[in-house]
Amino acid sequence: MKNKTFTTILLGAVAAVSLAGCSPAAKQGAPSEAGTTVAQGAAQTETGANQGDETDASSPGGETGSAHYTVGIGQFAVHGSLDNCREGFIQGLAEEGIVEGENLTILYENANADGAASSQIAANFLSNKADLICAIATPMAQSAYSAARKSGLPVIYTAVTDPVAAELANADKTPVGEVTGTSDKLPVTEQLAMIREVLPDAAKIGIMYSTSEVNSLSAIEEYKAAAAEYGFEIVESGVSSTAEVPLAADQLVEKVDCINNLTDNTVVSALQVVLDAAGKKGIPVFGSEIEQVKAGCLASVGLDYVELGKQTGRMAAKVLKGEAKAGELSFEIIEGGSFYGNTKVAEQLGITLPESLVSGAAEMFDDIAP
């Protein structure tokens, strides 16, 4: 009787261990300490149990509502336009039924304008088994694709001015691999026409840019090619880091009639320094998007980066749902630019913004954001 009882207990224990080993949670391994990974594992376990099979619910291509996705969002720097891109990207995913907290886990990291950090962030997303990387700004997109290329993990970028120059796309806009997204190519001729209308007597436009950002190098060349048509000369000033911006700004304001700011991540991160230097000389600074105008630039024919982010999110949703591969989608460019002006800045500079611009403005601001 004693031997029979022991045998029964032993068989029961073996059966319990066998069942545990066959569970969806066991197949996926123990979750890491990161809360995002735990949430993903829980969603995968629940889906596997409901379907009664061994499908990994986190893999791109599942039906929305039954799948759970993990997306790594890598942002190159902290500033308004890139923040807006991130916000818009999440909204774009939600429009397609991929909602954070429901069927989406977001891993977010910011490189603070550090190229080495960008590479580490991309590596972290790979090790955390992200289904897709959203790379915000050119340096982050380059780092993410470099890290993900061998694995085939899709990279969807946004706020990349010139994907071809960044070697993320071919000349015909097709991807070089499993990488695609949206370009924030500046409306250069519209911006120059606007500056001419605001400053009819100006001759020299100063542009500061980071020598390591290919997006800025591309934009500079486009400005130089178009400037003469509007009676301008471009005076450029290259910097290698934000630490060089104060001296470069002080030198630049001595040579120009106004400054035109790009979407350069290094310079935008130190925009207040540029504005302070220009303000001391009474020189207007023109922005390239809405957040720069809010912060103290006089005006811009710029892009709406929330909308750019939404456009990117919708592209990412196609890839996550399995409707298309990143390598099958040509990059997209947001259409057109809108006029934004700041009447407070205009008042401080003693400039009257033309009614022809103000009447058609997408938005006007009467204060300077702190």
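A: Glutamate 254 is exposed, since its relative accessible area is 52% and exposed means over 50%. This value, like the others below, comes from a predicted model. The side chain of glutamate 254 forms a salt bridge with that of lysine 281, with an N to O distance of 3.0 Å. Glutamate 254 belongs to the loop between α9 and β8, while lysine 281 belongs to the loop between α11 and β9, so the pair ties together parts that lie 27 residues apart in sequence. Lysine 281, with a relative accessible area of 46%, is partly exposed.

β8 and β9 belong to an open sheet of 4 strands, whose order is β7-β6-β8-β9 and whose pairing is parallel. Its edge strands are β7 (233-239) and β9 (285-286), each of which pairs on one side only. In general, the strands of a sheet pair through backbone hydrogen bonds. Within this sheet, strand β6 (residues 204-210) runs parallel to strand β8 (residues 258-260), and 2 bridges join them. Isoleucine 205 has cysteine 258 in β8 as its bridge partner.

Helices accompany these strands. Helix α8 (residues 214-227) lies across β6, β7 and β8, and runs at about 165 degrees to β6. Helix α9 (residues 245-252) has the buried residues Val245, Ala248, Ala249 and Leu252. Seen down the axis of α9, its buried residues fall within an arc of 100 degrees, and therefore they line one face of the helix. Among the elements that cover the buried residues of α9 are β6, β7, β8 and α11 (271-280).

Further salt bridges complete the account. Glu221, Lys224 and Glu236 are linked in a network of salt bridges. Another salt bridge joins the side chains of glutamate 291 and lysine 294, with an N to O distance of 3.4 Å. Because glutamate 291 and lysine 294 are 3 residues apart in helix α12 (residues 290-295), about one helical turn separates them. Lysine 294 is partly exposed, its relative accessible area being 27%.

Methods
Residues numbered from 1 in each chain as written. Predicted model: local features only at pLDDT ≥ 70, side-chain atom pairs only at ≥ 80, totals over all residues. Heavy atoms only, no water. Pairing = 2+ DSSP bridges. Contact = heavy atoms within 4.5 Å. Axes fitted to C-alpha atoms, helices over the stretch in contact; angles between N-to-C directions. Buried < 20%, exposed > 50% of the residue type's maximum accessible area, 1.4 Å probe, protein only. Arc of directions from axis to C-beta. Salt bridge = Lys/Arg side-chain N within 4 Å of Asp/Glu carboxyl O.
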